[in-house]
Amino acid sequence: MMKLISLTELLMAISRALDAMHPALHAHQARTCLIACRLGLKLGLPAQELRQLFCAALLHDIGAIGLKTRLDLLEFEEVDAYQHAFMGAALVEKSEFLKDTAPIIAYHHIVWDDGAGKMYQGQAVPELSHLIHLSDRIEVHCHGDNVLARAQTIRQTIASESGRTFKPEYVQAFLALSSHDIFWFELAENNLDALLVDLIPDVQMSVSLDALEGFAEFLSLVVDSRSRFTARHSSGVACAAKFLAEKMKLSVDEIQEIEIAGFLHDIGKLAIPVELLEKAAPLTPDERALMKSHVYKTYQILSKVHGLASITQIAAMHHERGLGDGYPFGMDAHTLSLSQKIMAVADVFTALAEDRPYRAQMVKAQVLNVIEQEAQSQALDPAVCACVAQHHDELRAAVVQAQQRSEAQLDAFWAYSR
Ligand SMILES: [Fe+2]
Ligand SMILES: [Fe+2]
Ligand SMILES: [Fe+2]
């Protein structure tokens, strides 16, 4: 189906969700992106490089998403700066759209070292890595109130590192730009998304639904890579949802939408702490409330993206139940569409068939037992549940296969984690 989806908005929404993992991070990536793009424009970079810079800066810390120590992000210069950078590169490598940003992200903490930083272990370090490195450090200095009052100190600190840590030409561009108050006021701006979109119109990238499928699969890897317990979940749900939609004779377009929604349904979990995702003990009321918020966050993230409305409606309703006692919207069997009902069943089925921190995966009889109870109580749609029972073995085999494939995709990523 041809339907244009704004990739820029999607990237910004993802970046925002990653930044939301901890208040201390503020909008670290978005703000680093703003600084980097301002510098890039000042330096007169060509449009193609600006696009790369925009994407790489917006997601430069994406590899830190599963690290328990990700708050050390701000101290990364002192701690091991390379692990999350290489993990990030291994992730974006999996996306057709972002592949070309992988080397930029991999080396975003390499110091200039009076030119020696053009290379790292025999590999060429992209110039844009150095530009992001500088932008990243400037951004960290900006944390806190009234940044304009500290502008001179920040300028002096950065200038004193010219050559040793940062490429002198880039420091010069920064000093020129930051001599104007507008540079600092923009950094204090809350609505960064609007600023970013206006900044580089060339960077607006729209994709068709077909192309989005690949990108959604990539995003599911990102979500799943956060914890070994949720690893593979999204790809399993996408597969189960697609399978059930086919068996229930939905249209080709609906099947494609439901699969993409499956990949994206838990994207709100990007904003849930890893510790919570992996907690084996029962959750406290506070933790449960936070956990429940993931589906609202999925809604928040996806609903900001033009062209994604119907996919958002499927993805964000996977915890709604037939009697209206699901969450967060309290929809019921009369208001939920068949696609939404399928998504709920696909999510439950996949979860039952997976190991969780608090229980092992269920065997066929247990799975069917739970599904039947859910159907009887009208929590899940009886017709969709009957479809699961009828095709259980085929469905489970398909889900396992999809999950193995996505796990293999993450091998390079895991290799850097320790
Ligand atoms: Fe970083
Ligand atoms: Fe960073
Ligand atoms: Fe969920």
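In this predicted model, helix α12 (residues 233–247) and helix α13 (residues 252–264) pack against each other at an angle of about 160°, and their axes lie 7 Å apart. An angle over 145 degrees counts as roughly antiparallel, which makes α12 roughly antiparallel to α13. The crossing in which α12 passes α13 is right-handed. On the side of α12, the contact is made by Ser 234, Val 237, Ala 238, Ala 241, Lys 242, Ala 245 and Glu 246. On the side of α13, the contact is made by Glu 254, Ile 255, Ile 258, Glu 259, Gly 262 and Phe 263.

The numbering of these contacts can be read with one general rule in mind. An α-helix has 3.6 residues a turn, so residues three or four places apart point the same way.

The term "buried" applies to a residue that has 20 or more other C-beta atoms within 10 Å of its own. The buried residues of α13 are Ile 255, Gln 256, Glu 257, Ile 258, Glu 259, Ile 260, Ala 261, Gly 262, Phe 263 and Leu 264. They pack against α12, and also against α11 (209–224), α15 (285–303), α16 and α17.

With 17 C-beta neighbours inside 10 Å, Ser 293 counts as partly exposed. Ser 293 and Glu 394 are separated by 101 residues in sequence, and by 33 Å in space from C-alpha to C-alpha.

The discussion now turns to helix α18 (residues 364–376). This helix has 13 residues, and the distance from its first C-alpha to its last is 18 Å, close to the 18 Å expected at 1.5 Å a residue. Which residues of α18 are buried? They are Val 367, Ile 371, Glu 374 and Ala 375. These residues cover an arc of only 100° around the axis, which puts them on the same side of α18. The face turned away from this buried side carries the exposed residues Ala 365, Gln 366, Gln 373 and Gln 376. Among the elements that cover the buried residues of α18 are α17 (338–352) and α19 (382–390).

The crossing of α18 and α19 is left-handed, whereas α12 passes α13 in a right-handed crossing. In the contact, Leu 368, Ile 371, Glu 372, Glu 374 and Ala 375 of α18 meet Pro 382, Cys 385, Val 388 and Ala 389 of α19. Just after α18, Gln 378 takes a positive phi of about 70°.

A further helix pair has another arrangement. Helix α1 (residues 7–19) and helix α2 (residues 28–42) pack at an angle of about 125°, with their axes 7 Å apart. That angle makes α1 oblique to α2. Here Ser 15, Arg 16, Leu 18 and Asp 19 in α1 meet His 28, Gln 29 and Ala 30 in α2.

The loop between α5 (102–106) and β2 (119–120) contains Asp 114, which has a positive phi of about 50° although it is not a glycine. Is Asp 114 buried or exposed? With 11 C-beta neighbours inside 10 Å, Asp 114 counts as exposed. Asn 146 lies in the loop between α6 (127–142) and α7 (151–160). The phi of Asn 146 is near 45°, a positive value in a residue other than glycine. Asn 146 has 9 C-beta neighbours inside 10 Å and therefore counts as exposed. A feature of another kind occurs in the loop between α16 (309–315) and α17, where Pro 328 is found. The peptide bond from Tyr 327 to Pro 328 is cis, with omega near 0°.

Definitions and conventions. Residues numbered from 1 in each chain as written. Chains lettered and ligands numbered in written order. Predicted model: local features only at pLDDT ≥ 70, side-chain atom pairs only at ≥ 80, totals over all residues. Helix = DSSP H or I, 4+ residues; strand = E, 2+ residues; numbered from the N terminus. Expected span 1.5 Å × (residues − 1). Buried ≥ 20, exposed ≤ 12 C-beta atoms within 10 Å, placed from the backbone. Arc of directions from axis to C-beta. Contact = placed C-beta atoms within 7 Å. Axes fitted to C-alpha atoms, helices over the stretch in contact; angles between N-to-C directions. Parallel < 35°, antiparallel > 145°, perpendicular 65-115°, else oblique. Left-handed = near helix turned anticlockwise from the far one by under 90°.
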